Amino acid sequence: SAESSYALKLALPALRGSLEKIRAGIAVSEEAWRWQSQQVGTDPVIIPNGVDTARFSAVRRVPDTAKDAVPEVVFLGRLDEPRKGLEVFLQAVDQLPRRPRVTVVGAGAPRKVEGVDFTGQISEAEKAKILGRADIFVAPNLGGESFGIILVEAMAAGCAVVASDIPAFAAVCGNDAGLLFPPGDTAALAQRLQLLIDDVPLRTTLASRGAKRAEDFDWSVVARQVLSVYEAVSIGEKVALEGWL
């Protein structure tokens with residue numbers, strides 16, 4: 001997702017003929033639909049990305065709700081990509097009076113930050129394991145996202161999600177499946193994190209809502225929606241062919 005693309009503007013005249021042959025399109029979110037509609041002039045159907053939620057719910061653990069338990073907070077993203085918001089996250093953690101366990105996952109140069117575990121790039125199995133043991137997942141992205149697959153994975157694994165209030169993430173979180181904060185606002189992020197660290201019942205409730213919300217993005221649901229688009233195109237072409245004959 002973006003506001004504009006010079007490369008696309010240059011390529012669009014050459015692509016126009018191929019685009020006109022497309023009978024139906026799918027956009028994974030309102031934000032992706034906006035991009036296609038404004039930049040390309042198409043009107044795709046909105047169907048979210050599918051996620052194998054069972055792979056993450058299978059590793060979900062029973063949370064430790066003891067008041068003196070130290071929760072684990074996880075960030076996952078490319079460390080050297082500014083829009084993923086790692087610096088926002090680290091600055092927010094530095095403001096916390098009660099430091100949680102902090103795990104940063106992703107490719108890139110690790111920072112020298114006391115009390116933060118940088119795992120580097122990991123496998124999908126390791127990612128599921130970390131999300132399954134974590135208590136809070138943070139997505140401090142600054143923008144440019146068309147969806148939020150990692151949010152769905154974290155929700156399915158049983159994490160309470162805190163995310164930037166960008167359109168794609170807000171759509172995944174729905175009305176009550178995650179806490180949102182203004183993009184780039186380290187103080188607001190620190191406040192949301194501290195709230196979940198201190199309020200164990202709220203953290204548990206948010207995780208439960210997230211797990212329920214993740215079910216909406218499971219392939220068992222999304223595949224049926226995708227197939228319906230193919231079926232509609234197939235029926236439409238059959239009717240058009242019969243009319244021509």
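A crossing of two helices is called left-handed if the near helix is turned anticlockwise from the far one by less than a right angle, and right-handed if clockwise. In the predicted model described here, local features need pLDDT of at least 70 and side-chain atom pairs count only at pLDDT 80 or more, while totals for chains, interfaces and linings use all residues. Residues are numbered from 1 along each chain as its sequence is written, and side-chain values use heavy atoms, with hydrogens and water left out.

The crossing of α6 and α9 is left-handed. The axes of α6 and helix α9 (residues 200-214) come within 7 Å and cross at roughly 120 degrees, where axes are lines fitted to C-alpha atoms, for helices over the stretch in contact, and angles run from 0 to 180 degrees between N-to-C directions. The two helices α6 and α9 are therefore oblique to each other, given that angles under 35 degrees count as roughly parallel, over 145 as roughly antiparallel, 65 to 115 as roughly perpendicular and the rest as oblique. Val152, Met155 and Ala156 of α6 meet Gly210, Ala211, Arg213 and Ala214 of α9 in this contact, contact being defined as heavy atoms within 4.5 Å.

The protein chain contains 10 helices and eight strands, taken as DSSP runs numbered from the N terminus (helices H or I, at least four residues; strands E, at least two). Six strands form an open sheet with parallel pairing, in the order β5-β4-β3-β6-β7-β8; two strands pair if DSSP finds at least two bridges between them. Because β5 and β8 (179-181) stand at the edges with a single partner strand each, one side of each is left without a neighbour in the sheet. On average, neighbouring strands of this sheet are turned by 20 degrees against each other, direction ignored. The parallel strands β4 and β5 are joined by four bridges, and Thr103 stands opposite Asp117 in β5. Helix α8 packs on the sheet, where α8 touches β3, β6, β7 and β8, and the direction of α8 makes about 160 degrees with that of β8.

Buried residues (under 20% relative accessible area, against over 50% for exposed and in between for partly exposed; 1.4 Å probe, protein chains only) make up 41% of the 245 residues in the protein chain. In helix α4 (residues 86-94) they are Leu86, Val88, Phe89, Leu90, Ala92 and Val93, and their cover includes β3, β4, β5, β6 and α8 (186-198). In helix α5 (residues 124-133), Lys127, Ala128, Ile130, Leu131 and Gly132 are buried. Lys84, in the loop between β3 and α4, counts as buried at 13% relative accessibility. Leaving aside neighbours within four places in sequence, Lys84 is in contact with Phe75, Arg78, Pro140, Asn141 and Glu145.

A nonpolar core is a set of buried Ala, Val, Leu, Ile, Met, Phe, Trp, Tyr and Cys residues joined through side-chain atoms within 4.5 Å. The largest such core has 29 residues, of which Leu131, Phe137, Leu151 and Val161 touch the most other members. Two or more residues are given to this core by each of α5, β6, α6, β7 (160-164) and α7 (167-173), and α6 gives the most, with six residues. Beyond neighbours within four places in sequence, Leu151 is in contact with Phe137, Ala139, Val161, Ala163, Phe169, Val172 and Cys173. A second, separate core of 27 residues includes Leu79, Leu90, Ala160 and Leu193.
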